[in-house]
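Have a look at the picture, then read on.

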Amino acid sequence: MDRQQFWQLIESARHQASDPDDGEDVAGRATSQLATRPAEEIVAAQQVLWDLMADSYTNRS
């Protein structure tokens, strides 16, 4: 899973949520979707999440 696929997963989860701004609901739905995928894809999604979190702590200015 790459970043584009990760964001597609999140977008899909948002569409399923009754309130797309409810982070807990979206995260739960994304988790449910990931749980049906092969282990390698789940691990790749976790790495993408870690990379995004690390990027969020980087000051690019």
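## Starting with D25

In which helix is the place of D25? D25 sits in α2; helices here are DSSP runs of H or I with at least four residues, numbered from the N terminus. Keep in mind that this is a predicted model, where local features need pLDDT of at least 70, side-chain atom pairs count only at pLDDT 80 or more, and totals for chains, interfaces and linings use all residues. Residues are numbered from 1 along each chain as its sequence is written, and side-chain values use heavy atoms, leaving out hydrogens and water.

Is D25 buried or exposed? Its relative accessible area is 19%, so D25 counts as buried (buried means under 20% relative accessible area, exposed over 50%, partly exposed in between, with a 1.4 Å probe and protein chains only). Leaving aside residues up to four places away in sequence, D25 touches A17 and S18, where contact means heavy atoms within 4.5 Å.

## The nonpolar core

Now for the inside. A nonpolar core is a set of buried Ala, Val, Leu, Ile, Met, Phe, Trp, Tyr and Cys residues joined through side-chain atoms within 4.5 Å. The largest one here has 11 residues: F6, L9, I10, A13, A17, V26, A30, L34, A45, V48 and L52. Three helices, α1 (3-16), α2 (23-35) and α3 (39-56), each give at least two residues to this core, and α1 has the largest share, with four.

Let's zoom in on two members. L9 lies in helix α1 and counts as buried because its relative accessibility is 3%. Not counting residues up to four places away in sequence, L9 touches A30, Q33, L34 and R37.

## How α1 meets α2

At what angle do α1 and α2 pack? The angle is about 120°, and their axes are 8 Å apart; axes are lines fitted to C-alpha atoms, for helices over the stretch in contact, and angles run from 0 to 180 degrees between N-to-C directions. That makes α1 oblique to α2, since angles under 35 degrees count as roughly parallel, over 145 as roughly antiparallel, 65 to 115 as roughly perpendicular and the rest as oblique.

Which residues do the touching? From α1 come L9, I10, S12, A13, R14 and Q16, and they meet V26, R29, A30, Q33 and L34 in α2. These contact residues divide into six nonpolar, three polar and two charged (Ala, Val, Leu, Ile, Met, Phe, Trp, Tyr, Cys and Pro count as nonpolar, Asp, Glu, Lys and Arg as charged, and the others, Gly among them, as polar).
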